[in-house]
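Here is a short briefing to read beside the coordinates. Keep the sequence and the 3D view open as you go.

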Amino acid sequence: MVTTHYSESEFGDLHRRLFILRVGLLLVVVLLGLRLWHLQIYEGPYYRDLSENNRTRLVLLEPARGLIYDRHGVLLANNVPSFSLYVTLEDVKDREVLIQQLTDLLGLDPTLVRKKMTAKGSKLLPRKIKDRMTLRDATLVESHRLDMPGVMIQVESQRNYPGGVTAAHLLGYVGEISADQLEKPEFLDLHQGSIVGQYGVEKSYDRHMRGTAGQKSVEVDALGHEKKASVVERPQAGNDLYLTIDVRLQKVAEDLLGEEQGAIVALDPNSGDILAMASRPGFDPNVLSRELTAKQWVEIVQDEGRPLNNRASQGQYPPGSTFKIPMAVAALETRTVSPSSTVFCNGGYQFGKRLYHDWKASGHGYVDLHTALVHSCDVYFYTIGQRMGIDVMAEFGKDFGLGKATGVELPSERSGIMPSTAWKQKAKNEQWLPGETISAAIGQGYVTVTPLQMASLVGTVANNGVSYRPRLVQAVMDRTSGNLQELPAVPRGKINAKPETFRIIKDALADVVTKGTATKAKSSMVTIGGKTGTAQVAALRTGPEENIPKKFRDHAWFVAFAPVESPKIAVAVLAEHMGHGGAAAAPLAKEVIETYMKLTPQVPAVTSDLSGVNEPGRSSKDS
Amino acid sequence: MIDRLTENRGLDSFDIRYVALILAILGIGVLSIYSVTRGQQSGATPFYLKQLIWIGLGAAAFLVMWASDYHHLARFAYPAYAFILLMLVFVLFEGRTSKGAQRWIALGPFSFQPSEFAKLILVLVLAHYYSKAPRAGWLQRVIVPGLLVLPGLLLILKQPDLGSGLSFVAVYAAMLLMVGIRSQALGFILLFSIMLFPFAWEGMWGSLHDYQRQRIMAFVDPDYDPGGKGYHALQSKIAIGSGELLGKGLYGGTQSQLKFLPEGHTDFVFAVFAEEWGFLGVVVLLTLFVALIWLSLEIASKAKDQLGALLAVGIVAMLCFCVVVNIGMTAGMFPIVGIPLPLVSYGGSATIMTMASLGLLLNVKRKRLSLFY
């Protein structure tokens, strides 16, 4: 017998109350049933009629895309209002007549309009036929609206890049979502006509910047004319991005390259922040974010200069002598050489039947590691390369991030190649030849790198082996909550090498600039350390440089960091077909470094006289 | 001899009618979800398959609850409530936001809604409280349990999740009516006012100006229907009404298939069903629900102790409330608050929670039969 501390009467009470609950419930259910009977039986025919002639159209309200700023809050991408033309097929009486009307009125391409009208999608949802209409065209359509049922003009925001070509490769561009993209799960909540990022951070941060579309319900009459509109769901603006670049430095870097092809990357070795990343030739993202005709596309894609290619992260070049930096680290760390041991250079290195030339035919004489770096002696590095073997070199190269993508937030980054015996077996199914080690030792042969990888590499050396993943986005501003989310720098580990090793190499790199191959990079305002490189394009060369057609001339490299004592910036310059690194690339790196030092207030550099820098623009203003 | 009898009766409690009713309603749900979401996705797992997975998990929860002992469960009521309150606080800060409300906690690829589970735990808490507390003054009968409800209610309203918040109040009100309030007269007044509320509401709501309604709705639930122009409600009414007597047939619902009706697989699944199966289908579904609730009330009135009876009443109240309010809102009788139709609407947390509750109900029945007195 189970006992409760409740009396029988209370239980009885509960039963009575339960009975009432049942009665109440039945009443409510009957009322529900009556309501449904009223809707479905009594008013059923009326609602059926409504459902068959449902003349409310849901119109999507496109969200405002997030803005993009540089590290100091300078606006790089925003949205401007523009007019778009929409057509709801359900309300169109004669498709061909409408196409004819639109062609006459706006001069649209009839085949393009027809293609859009026949594309897959609901007849009830308005589809975008034309965007970026002029005010005149939009007014023209409005004034003829009564003759064109189903046509609607909508004010939308259009992506705008105030800087034009500036930082085009980083920002990327936007475009209408493609049929392939629509099938992908990450675009599930999007629809035909949605604007998504197609390149650059616009693409890699699309999810953040995209925002959420809203809806507007539009009541149309039997002729498809808009009668009444009401917002069902407001669109939610996308989040803003704050990039790590300083747009002033970016512009300087781009102007330095000018009409030449090449890339300049500048980053902060203490955080991996990319300060500038220029690639030339460039493009105007404003043009690409518009709807292009097939012909325009072909022109851009077939352009010999490949302007859409971001040479900084997608261009793969032999590193040339800049590769001697990781080689020197490897040689010291494996004790292949000591800092003072020397190699005799007579201008060539005999291996088997082949003589490998030094760039200086007369030779450098007895050279130690320091001299070998300062004067870029090839024979020294042939020798140590031969002693270490390709696999040891590959191990150190990989530690410095060669042969793999850096992971920067840009689409389609390339990884370059850090060859090894295993790599060749896998990629070419061939045995590694000993002679190939000798070419690789001076950064030729199979070795390829991107300018971004080289900037990161020299930054890592400058930072005594501590490296960060290069990054472009430092903060995301949540537009709904107003929170600024700062993204932390991403450490990539430390190179396992003695501090002494880095000291020796940085000393040598500083002397490269003061008395070595890169005296053209010598600056009066800041100490710079660096290494020149020349990447061979054509194997066989005859006669002086000037006689060779430009497209067979060598690429010029210069990688640098500054100030030598406490590095704040690391730079890689690659100038395609510009010949020797010391002559063509080093001055550009110096300009970038000096600009950065002037832009960013620093602890006083070597010359206390910061204001007295001999700059023509300023002195003329002063006078 | 007694032992054997006990065991047999224990199994008897696994009421086949009860289980059949639940399965029938679940089946209607999966069918409607399939109908409205078919062809909408490419790549991702279709909704009806995911719903079947939820039902599988729900069945497991149902069996666990059925096999347990509600006396033991009630002992953990307060710690469980404290835990779920913590989860609700966590949701406010770390939760996943969808459609303007922060209700979900992400768990790997899934996300779950603590507010759903909070409802069942609240039933446990109140049943436990009333079965233990002396029923002396109004303080202990009304105010103290009210204070128990309050933190959970406020946290849920903050999300904002008006629907779950109202369910919380409904459970509390049902408990008050059953045991909290001594005077039967007062109880009756409350009961009738709740029953008449929908109709009174329609009169009141109908007499308000548009902008007044918008203000009220913006106040209680700013994110549901910002236009306040009743787009959802109208499309839902058109869907249900156009189903007429026999419906438009499976996949024939133009309202839902052409996406005029938003949320067709979740809160508005009843409209999808009503459009495709007509008034006849609606009568069948309502009958199934009434039968299920009837059997549940039977369990409540035959429970062997106060705790069991109160648990059963709380669960039934929760179920009734959701069914009535959901159907009422899709039929345009109530303002739209986000309440899913139990066992029919798509949703993992709600499906699992509802099935667990029904398992607990059956446990109340099992304990009555299995303990000899």
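What percentage of the 623 residues of chain A count as buried? The figure is 45%. Bear in mind that this is a predicted model. Chain A carries 24 helices and 23 strands. Of its contacts with a separation of 6 or more, 74% link residues 24 or more positions apart.

**The sheet**

- Five strands of chain A form an open sheet, in the order E12-E11-E23-E22-E21. The pairing is antiparallel.
- Strand E12 (274-280) and E21 of chain A stand at the edges. Each has a single partner strand, so one side of each lacks a neighbour in the sheet.
- On average, neighbouring strands of this sheet are turned by 5° against each other, direction ignored.
- Helix H20 (residues 451-462) of chain A packs on the sheet. H20(A) touches strand E11 (262-267), E22 and E23 of chain A. The direction of H20(A) makes about 145° with that of E23(A).

- Strand E22 of chain A spans residues 555-562. Is E22(A) largely enclosed by the rest of the structure, or open to the outside? It is largely enclosed, because 8 of its 8 residues are buried.
- Both faces of E22(A) are covered. One side holds His555(A), Trp557(A), Val559(A) and Phe561(A), all buried.
- Strand E21 (residues 529-535) of chain A runs antiparallel to E22(A), with 7 bridges between them. Here Gly533(A) stands opposite Trp557(A).
- Strand E23 (residues 569-575) of chain A also pairs with E22(A) in the antiparallel sense, over 7 bridges. A hairpin of 6 residues joins E22(A) to E23(A).
- In E23(A), Leu574(A) is the bridge partner of Trp557(A). Val571(A) of E23(A) stands opposite Ala560(A).

**Nonpolar cores**

- The largest nonpolar core has 121 residues. Which of them touch the most other members? They are Ile264(A), Val265(A), Ala266(A), Val458(A), Val571(A), Ala585(A) and Val592(A).
- Domain 1 (57-243) and domain 2 (247-283 + 309-477 + 486-616) of chain A both give residues to this core, so it lies between them.
- Leaving aside residues up to four places away in sequence, Ile264(A) touches Ala253(A), Leu256(A), Leu257(A), Ala276(A), Ala278(A), Val571(A), Val573(A), Leu588(A) and Val592(A).
- A second, separate core has 115 residues. Its members include Leu36(A), Val269(B), Ile299(B) and Val316(B).

**A covered helix**

- Helix H14 (residues 324-333) of chain A is mostly covered, with 9 of its 10 residues buried.
- The buried residues of H14(A) include Lys324(A), Pro326(A), Met327(A) and Leu332(A).
- Just after H14(A), Arg335(A) takes a positive phi of about 55°.

**An exposed loop residue**

- Ala361(A) lies in the loop between strand E15 (354-357) and strand E16 (365-367) of chain A.
- Is Ala361(A) buried or exposed? With 9 other C-beta atoms within 10 Å, Ala361(A) is exposed. The cut-off for exposed is 12 or fewer.
- Ala361(A) and Gly348(A) are 13 residues apart in sequence. Their C-alpha atoms are 7.3 Å apart in space.

Key: Residues are numbered from 1 along each chain as its sequence is written. Chains are lettered from A and ligands numbered from 1 in the order in which they are written. This is a predicted model: local features need pLDDT of at least 70, side-chain atom pairs count only at pLDDT 80 or more; totals for chains, interfaces and linings use all residues. A residue is buried if 20 or more other C-beta atoms lie within 10 Å of its own, exposed if 12 or fewer, and partly exposed in between; C-beta atoms are placed from the backbone. Helices (H or I, at least four residues) and strands (E, at least two) are DSSP runs, numbered from the N terminus. Two strands pair if DSSP finds at least two bridges between them. A nonpolar core is a set of buried Ala, Val, Leu, Ile, Met, Phe, Trp, Tyr and Cys residues joined through C-beta atoms within 7 Å. Domain bounds come from an automatic or database domain assignment. Two residues are in contact if their C-beta atoms, placed from the backbone, lie within 7 Å. Axes are lines fitted to C-alpha atoms, for helices over the stretch in contact, and angles run from 0 to 180 degrees between N-to-C directions.
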